[in-house]
Amino acid sequence: MVVSYFNRVLGVEINTRSLMVRTPRDYVDETVSILRRHWHPNRRSYTIIEIERLTGRLGHISATAPWLKFMLSQVYTSVAAGLKYIEGRLICHNKDFRWLLHHYR
């Protein structure tokens, strides 16, 4: 690690002269690009891995943007509701899923 007033540590830029901590601009730009490309208003469904990657990126950015934490709670709530809905459908319609729940609980 280089000793300087400006360092990038754990994906965060730290500037001790201006006392600023921020997420690197290229990371934010890449996240915005992903949002524009894949998460458009006409989208109706998502996979678990897609939403996991998105919430992970937004969670990392929210470490330096406190206002984003308030928006993330809505994303987490929506994901939890979606997972609960899918679990209910699997319990009602999938015999193998019911068997797995019975044997592993």
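Biologist: As I understand it, buried means under 20% relative accessible area, exposed means over 50%, and partly exposed is in between, with a 1.4 Å probe and protein chains only. What does I14 count as, then?

Modeller: I14 counts as partly exposed, because its relative accessibility is 31%. This is a predicted model, in which local features need pLDDT of at least 70 and side-chain atom pairs count only at pLDDT 80 or more, while totals for chains, interfaces and linings use all residues. Residues are numbered from 1 along each chain as its sequence is written, and side-chain values use heavy atoms, with hydrogens and water left out.

Biologist: Which strand does I14 lie in?

Modeller: I14 lies in β2, residues 12-15, where strands (E, at least two residues) and helices (H or I, at least four) are DSSP runs numbered from the N terminus.

Biologist: And how does β1 pair with β2?

Modeller: β1 (residues 6-9) and β2 pair in the antiparallel sense over four bridges, pairing being counted if DSSP finds at least two bridges between two strands. They form a hairpin with two residues between them, and L10 in that turn has a positive phi of about 55 degrees.

Biologist: Which residues stand opposite E13?

Modeller: R8 stands opposite E13, and E13 also stands opposite R22 in β3.

Biologist: Switching to charges, how many salt bridges are there?

Modeller: The count comes to seven, taking a salt bridge as a side-chain nitrogen of Lys or Arg within 4 Å of a carboxyl oxygen of Asp or Glu. One of them joins R8 and D26, whose closest N and O atoms are 3.8 Å apart. R8 lies in strand β1 and D26 in helix α1 (residues 25-38), so this pair ties together parts that are 18 residues apart in sequence.

Biologist: What about E50 and R43?

Modeller: Their side chains meet in a salt bridge at 2.4 Å, N to O, and E50 is partly exposed at 31% relative accessible area, while R43 is partly exposed at 21%. Elsewhere, salt bridges that share partners join R8, E13, R22 and D26 into one network.

Biologist: Last one: which residues of α3 are buried, and what do they pack against?

Modeller: The buried residues of α3 are L68, L72 and V79, and they pack against α2 (48-62), with contact meaning heavy atoms within 4.5 Å.
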